[in-house]
Amino acid sequence: MEWSLRTAEELVAALRAGAVTSVELTDEAIARIERDDEVINAICVPDFDRARAAARRADQARARGEERPLLGVPVTVKESYDIAGLPTTWGMPPHRDHVPAEDAVQVSRLKDAGAVVLGKTNVPLGLQDIQSFNEIYGTTTNPWDRGRTSGGSSGGSAAALASGFGALSIGSDIAGSLRTPAHFCGVYAHKPTLGLAATRGMVPPSEPALPADLDLAVVGPMARTACDLTLLLDVMAGPDPLTHGVAHRLALPPSRHQRLGEFRVLVLDEHPLIPTGAAVRAGVNRVAATLADGGAPVARHSPLLPDLTEAATLYMQLLISGSVARFPMESYEPPGADDRSLDAERLRALAFSHRDWLAANHRREVHRDAWRRLFTEFDAVVCPITPTPAFPHDHHPNPLERHIDIDGTEYPYFDQLVWAGVATMPGLPATAVPAGRSAEGLPVGVQLIGPMFEDRTPLRLAELLEQKMGGFRPPKQDRSRLGRAVSG
């Protein structure tokens, strides 16, 4: 029996029943990676010897009667997390030899839960792209179409899951980096509420692994089913034991509802700043129809929805000003005062002062208050993750000169981030779920946005939609036609 595409829940049940051992699962996963990953290039740092040793320990622990949430389950970890003894480079050549001495807090939680870490997954340079390629590790391709991206920055993790390289993965998200790869590769991901899961050790190699509270950025789970997202989130969630964890303990509220017909849902398929492509719009409408068929009250408009144009502007201001603080730019040409495009807002944010940032942060709090009011009338918001399915590889050295093609018309490359920002800017939880296929056979996903710190609400809705619509389906692989991965 092949186990590589089974869910984590199924693997845990099989391990408990004695139907399989962790060593068997790990050996099968490694064999699959060695067979298929030359073209996918998802696993950039394999750690097979230590994985086999961890699997043996997991089997021994189970024989002693131990029970842990992920005991013996093979998983992968995004390259940007510190794992003691393995390189953490963020794809940046000057740091190709950086090897941390300690595990990131989330890696420690995985190991404490009994997971077997197979290795690390590929990322873009500095985690700063919607694709996953860099000079050190090359390009990760999309398992559904090798000529297209798997997404970024957790693109290696999404491609690994779609290919059966481990049952779970952990990634991070500041600009859709969990949700976009899940959407492009047909898997599930959850961007937790800002601050819900500790981030220490998910840090650029030039910086110390401090227990800092990050702005916008979160760490979160990726999986092939919605239930597995919840399983992994329960392992990841909780404050850093060095700071808030000294005094605080996590107690997430249950989902607002358990049945599909009880959820009040606002569905959005249009953004004022960028069109939604036909394939993604169809995916949103498939989810809306499933909700309506299940008896859920579905609305298409609400006066309570915060202004999406201002939200996108605030998001770009906060995102770019924070990014440039870590990765400074030598110079830039300021835009004209009358230019209110998102490109212009991104350029202005490069020179934000602390006073400018405080003003943007105040406006963010106003938006958060508006979202709180909206979630008194609705339980979740369904909307796109990006305007299109996975797009062809585009390695133009200047991302500002790239474009995204939406049904035959070109738009600025980074404008596609506005949908990710709907949840990221106010810090809301958002679950990425498969919603069908495009006419070309590419996966299409949508995101389910929920109330702050009520992560179990969009996760439960994701489970119910999976039951009605189906979920992950593995890509067909004709190995006779597999070529080599695109070079970075």
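**Asp47 and how to read this model**

Where does Asp47 lie? Asp47 sits in the loop between β1 (43–46) and α3. Helices (H or I, at least four residues) and strands (E, at least two) are DSSP runs, numbered from the N terminus. At 11% relative accessibility, Asp47 counts as buried, where buried means under 20% relative accessible area, exposed over 50%, and partly exposed in between (1.4 Å probe, protein chains only). Setting aside residues up to four places away in sequence, Asp47 touches Leu86, Val117, Leu118 and Gly119, with contact meaning heavy atoms within 4.5 Å.

This is a predicted model, in which local features need pLDDT of at least 70 and side-chain atom pairs count only at pLDDT 80 or more, while totals for chains, interfaces and linings use all residues. Residues are numbered from 1 along each chain as its sequence is written, and side-chain values use heavy atoms, with hydrogens and water left out.

Let's turn to α1. Helix α1 covers residues 8–17, and Ala8, Leu11, Val12, Ala14 and Leu15 are buried in it. Seen down the axis of α1, these buried residues fall within an arc of 165 degrees, so they line one face of the helix; the arc is that of the directions from the helix axis to the C-beta atoms. An α-helix has 3.6 residues a turn, so residues three or four places apart point the same way.

The cover over the buried residues of α1 includes α2 (22–40), α3 (48–63), β2 (74–78), β8 (168–173) and α7 (226–236). On the other side of α1, Arg16 and Ala17 are exposed. Just after α1 comes Gly18, with a positive phi of about 80 degrees.

**Salt bridges**

Side chains of opposite charge can pair when their charged atoms come close. The rule used here asks for a side-chain nitrogen of Lys or Arg within 4 Å of a carboxyl oxygen of Asp or Glu, and by this rule the count comes to 32 salt bridges. One of them joins Arg256 and Asp379, whose closest N and O atoms are 3.1 Å apart. This pair links distant parts of the chain, 123 residues apart: Arg256 is in the loop between α7 and β11 (265–267), and Asp379 in the loop between α11 (354–377) and β13 (380–384). Arg256 counts as partly exposed at 28% relative accessibility, whereas Asp379 is buried, with a relative accessible area of 1%.

Another salt bridge pairs Arg281 with Glu270, the closest N and O atoms being 3.9 Å apart. Arg281 lies in helix α8 (residues 278–293) and Glu270 in the loop between β11 and α8, so the bridge ties together parts that are eleven residues apart in sequence. Arg281 is partly exposed, with a relative accessible area of 26%, and Glu270 is exposed at 54%. Glu310 and Arg363 also meet in a salt bridge (2.9 Å, N to O). Here Glu310 in helix α9 (residues 308–326) is linked to Arg363 in helix α11, 53 residues apart. Salt bridges that share partners join Arg256, Arg264, Asp379 and Glu454 into one network.

**Cavities and a pocket**

How many cavities of 30 Å³ or more does the structure hold? There are three. On a 1 Å grid over the protein atoms alone, a cavity is a set of points where a 1.4 Å probe fits but cannot get out, and a pocket is an open set with protein on both sides within 12 Å along at least five of seven lines; lining residues have an atom within 4 Å of a point. Grid points are joined across faces, edges and corners, and a volume is the space filled by probe spheres set on the points.

The largest cavity holds about 70 Å³ of space. Its lining includes Trp3, Leu11, Leu25, Glu28 and Ala29, and α2 gives the most to that lining, with three residues. The second largest pocket has a volume of about 490 Å³. Of the 27 residues that line this pocket, Leu194, Gly195, Leu196, Asp213 and His244 lie nearest its centre.

**The loop at Pro335**

Finally, Pro335 has its place in the loop between α9 and α10 (342–349). Leaving aside neighbours within four places in sequence, Pro335 is in contact with Ala344, Leu347 and Arg348. The C-alpha atoms of Pro335 and Arg346, eleven residues apart along the chain, are separated by 9.6 Å.
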